[in-house]
Amino acid sequence: MVNISLISTLVKKEFIEVIRDKSLGASLFSILLFMGIFLFTTRERPSYLMNTFIPYISLIIGLIVGFSLSNSIVREKREGVIETILCSPMKLKELWLGKTLSISIMSAVIAVLSTCIILMLNNYEPDLTMIFYILFTVPFFILACIGLLSLIYFYLGMRQIQIANYILFISIFLILFTILKINITTEITWRTINIITSFSVTTFIITFYIIDYADIEKIILTLE
Amino acid sequence: MEQPVIIVENLVKKINDRFILNNISFNVERREIFGYLGPNGAGKTTTLRIILGLMRPTSGKALVLEGNLSKDINLRRKVGVILENDGLYNKLTAYENLDFYSRIYGVSNSSERDRRIKKLLDLVGLYDEKDKKVGYYSRGMRRRLAIARALIHDPEIVFMDEPTSGLDPEAKIIVRNLIFQLARERDVTIFLISHDLDEVERLCSRVAILVGGRIVALDTIRRLMHSLERRSIEITFKNMQDAMEVAKYLDNMGILYNLRGNSIRIFYQDSNISRVLKPLVMMGLKIIDIKGNVESLYDVYLKIVRGG
Ligand SMILES: Nc1ncnc2c1ncn2[C@@H]1O[C@H](COP(=O)(O)OP(=O)(O)OP(=O)(O)O)[C@@H](O)[C@H]1O
Ligand SMILES: [Mg+2]
């Protein structure tokens, strides 16, 4: 159904591009800043607060990185690279999968690493559910979100993408803000892990099949 | 006889109830360099996109090697494309760009890839710049690299949308020769969209001229030239006053001309050229050069496009 070697070629190329891109440095810096503020404000909090925040923090870091990396899709669309790629033996599905995988892997690695750093700096010892959540649920959730975001970016016109970006950004921060404000003390349990993971996997699978019905004409013509 | 390599039949494309393409039909044979001409917005790129399977036709069909590029993935390996955009990654070097494309086109042997990349880079004159990021390339260098990119997998057919736009004169000649060699020596079929009529005249055997989504001419260049009823000669005088005097004379005679500096281009019908020339010689003007039959594809094109 998909050609694995094509996808791995694409993923490798994406990695090279991101490593050379200055915007990755910028987004890493903003994460460091974010973590700095977080650590500063939570230094003397009890550990049940860590339990509350860590799940959200790791997701949000992953999404912010993924969000900024997905911009390459919009850029390649505008520059017409995607049009040329779609004339090659690479199918739209493979292009989408390669993009989604590379962006998700990078975002997940950064999210997991920075979460570990926060945990270490706070001398917090995570239990098994937390470890499982960070190493397994978080990457899957990021994968599902990036897959969906890539699909949206392929489809929408430039102006619609701008609007979608604002909506996404504002809602992420509203969610974060609400959590910080009302301090929902939901600890990570196997139940939440199950729910989030199966939600992510389902979303990803649905997106994976939806892309088969994508209209290439829409993708190359939505440039305004 | 072999089937045509490209078959376009009764192609119609409507966007928002407007006809972008209106009943387009043409064939391209193997080894042919086919020119696809027309003013801006005529629908050339749209035709190409439909052939490549990037856009769906409203009705009609476009076949390449008897298949459909939108459905047949393996068929795409036989086709090279240079679209209006170069299709290059700015953060990769020229070498890396070609390496990436050769991989996705299935050139799996790494020494073979290396050989082809270096050969093509050399061919388009970018070998010395191969490790520079494409983002730092000039427009013409990018265009050259796009040409190399389109040829990396040894395609049987190459579609080119204004391949030489932005190239310097020397590079244009290099690319022209390259296109010519591809067709002659490697049996490659070339579909060439171009605004450079000089280039088309030198390269193409047949052309289609598209105006407002309709094909208004489809023939060999020689026959199209022949269809021009008028002929012209170009006379260059030693000084401009002479040329202006002749212009006055032609005005009186009601003969069409085109004055440019000290040379004048006189249009004449059939065989009345001596009627025009004799008086000019008698006037004792200093003629330094006469060129006969200076019609070019340009004249044919203008006549067809303006004449509708
Ligand atoms: N997505 C679209 N929506 C509406 N009209 C379009 C769209 N794409 C192309 N057109 C119209 O189709 C016509 C043909 O465009 P096309 O790009 O094929 O022209 P072209 O012959 O390639 O011109 P040029 O020489 O400038 O490249 C134009 O009038 C253009 O406005
Ligand atoms: Mg065009």
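Predicted model: local features only at pLDDT ≥ 70, side-chain atom pairs only at ≥ 80, totals over all residues.
**Exercise A: a helix pair in chain A**

Task: Determine how the axes of helix α4 (residues 71-79) of chain A and α7(A) are placed relative to each other, and state the handedness of the crossing.

Solution: Angles run from 0 to 180 degrees between N-to-C directions, and the axes are lines fitted to C-alpha atoms, for helices over the stretch in contact. The helices themselves are DSSP runs (H or I, at least four residues; strands are E, at least two), numbered from the N terminus.

Residues are numbered from 1 along each chain as its sequence is written, chains are lettered from A and ligands numbered from 1 in the order in which they are written, and side-chain values use heavy atoms, with hydrogens and water left out.

**Exercise B: another partner of the helix**

Task: Describe the crossing of α7(A) and α9(A), and sort the residues of their contact by class.

Solution: The axes of α7 (residues 128-155) and α9 (residues 190-210) of chain A come within 9 Å and cross at roughly 25°, so α7(A) and α9(A) are roughly parallel to each other. Their crossing is left-handed. By class, the contact has 17 nonpolar, seven polar and no charged residues (Ala, Val, Leu, Ile, Met, Phe, Trp, Tyr, Cys and Pro count as nonpolar, Asp, Glu, Lys and Arg as charged, and the others, Gly among them, as polar).

**Exercise C: the ligand site**

Task: Work out which chains surround ligand 1, and which polar atoms of G41(B) and T46(B) lie by its oxygen atoms.

Solution: Residues from chains A and B surround ligand 1, so the site is shared between chains. The shell holds 15 residues (each with a heavy atom within 4 Å), and its largest share, three residues, comes from α1(B). A polar backbone atom of G41(B) is 2.8 Å from an oxygen atom of ligand 1, whereas for T46(B) a polar side-chain atom lies 2.6 Å from a ligand oxygen (a polar contact is a pair of N or O atoms within 3.5 Å).

Note on methods
Polar contact = N/O pair within 3.5 Å; in protein donor to acceptor, adjacent residues only side chain to side chain. Parallel < 35°, antiparallel > 145°, perpendicular 65-115°, else oblique. Left-handed = near helix turned anticlockwise from the far one by under 90°.
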